[in-house]
Structures are given as C-alpha cells and as structure tokens.
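Let's take a walk through this structure together. Keep the picture open and look for each residue as we reach it.

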Amino acid sequence: MKTKKMLATLIVALLSVTAVMAKDFRTVVFKVEQMECPNCERKVKNNIKYEKGLKEFSTDVKSQTVTITYDAKKTDVKKLQAGFKKFKYDAVVLKEAQAVETKN
C-alpha cells in the first residue's frame, strides 16, 4: 500500500513538471521590403537574432520574407516588429500561425 501511494505521488510530480515545461511557440511571417539583396539579408540575420524569445528564423530574399518562431511567453509580434525598427526596417505581418504547444 505504501509503495502504491509513493508511486502515485511520483507520477503526479512528474506530470506537474512536464506541464510546467510546456512552451507556447508561435510562428509569424513578415514581409520586409527593404531586404532586397544578400547584404540586406545579412543585416536582418545579424540584428534580429538578438530579440528576446526568438527560437529560430529563416529569411528569403526572393520573396522578401522573414519567418520567425518565437516563445509567446517571452515576446509577441509587436515586439518583434519593434526589433526590425531598431535597424530601420519595416516588417509587415503576412501570416501568423496558431500556437503550437511543445514539450522540452
């Protein structure tokens, strides 16, 4: 009986920790018209990577888009757009994906 109680307590504790570790990652696609060449792309890559909450990003010069996956608990779309403003680029939201719950 004592072993079952201890095992049940351990399972509840593990489930609680797993729930806390769940992250709310979201993806947004920005249109960045100033990104016209490889140098412009490099400028975006060298600056946007320092924004808080950014998990990963990719750029496409041909379509002038930047796709960003971010932690919604640490940042949001408005803050990411402000990050582009820091280096004098405008980022217009093309598409914003639903929240994706992942566990680390």
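Start with Glu 51 and Lys 86, whose side chains meet in a salt bridge, with 3.2 Å from N to O. This pair ties distant parts of the chain together: Glu 51 sits in the loop between α2 and β2, while Lys 86 belongs to helix α3, 35 residues apart. The two ends have quite unlike surroundings, too. Glu 51 is buried, at a relative accessible area of 14%, but Lys 86 is exposed, at 61%. Keep in mind that what you're looking at is a predicted model.

How many salt bridges does a search of the whole structure find? It turns up four. Another of them joins Asp 24 and Arg 26, again with 3.2 Å from N to O. Here Asp 24 is buried, with a relative accessible area of 12%, and Arg 26 is partly exposed, with 29%.

A further one pairs Lys 45 with Glu 41, and their closest N and O atoms are 3.9 Å apart. Both residues lie in helix α2, four residues apart, which is about one turn of the helix. In general, an α-helix has 3.6 residues a turn, so residues three or four places apart point the same way. As for cover, Glu 41 counts as buried at 17% relative accessibility, whereas Lys 45 is partly exposed at 37%.

Now stay with α2 for a moment. Which of its residues are buried? Helix α2 covers residues 38-48, and its buried residues are Cys 40, Glu 41, Val 44 and Ile 48. Looking down the axis of α2, you'd see these buried residues fall within an arc of 100°, so they line one face of the helix. Pro 38 and Asn 39, on the other side of α2, are exposed. The cover over the buried residues of α2 includes β2 (54-60), β3 (65-71) and α3 (77-86).

Next, the rings. There are three aromatic pairs. One of them is Phe 87 with Tyr 89, a tilted pair with 5.2 Å between centres and 55° between the planes. Both Phe 87 and Tyr 89 are buried. Ring pairs connect Phe 30, Phe 84, Phe 87 and Tyr 89 into a cluster. Elsewhere, Lys 55 lies over the face of Phe 25, 5.2 Å from the ring centre.

Finally, step back to the whole chain. It has three helices and five strands, running α-β-α-β-β-α-β-β from the N terminus. Of its 104 residues, 31% count as buried. And among contacts with a separation of 6 or more, 71% come from residues 24 or more positions apart.

Definitions and conventions:
Residues are numbered from 1 along each chain as its sequence is written. This is a predicted model: local features need pLDDT of at least 70, side-chain atom pairs count only at pLDDT 80 or more; totals for chains, interfaces and linings use all residues. Side-chain values use heavy atoms; hydrogens and water are left out. Rings of Phe, Tyr and Trp (its six-membered ring) pair if their centres lie within 6.5 Å; planes under 30 degrees apart count as stacked, over 60 as edge-to-face and the rest as tilted. Buried means under 20% relative accessible area, exposed over 50%, partly exposed in between (1.4 Å probe, protein chains only). A charge sits over a ring if NZ of Lys or CZ of Arg is within 6 Å of the ring centre and within 35 degrees of the ring normal. Helices (H or I, at least four residues) and strands (E, at least two) are DSSP runs, numbered from the N terminus. Contact means heavy atoms within 4.5 Å. The arc is that of the directions from the helix axis to the C-beta atoms.
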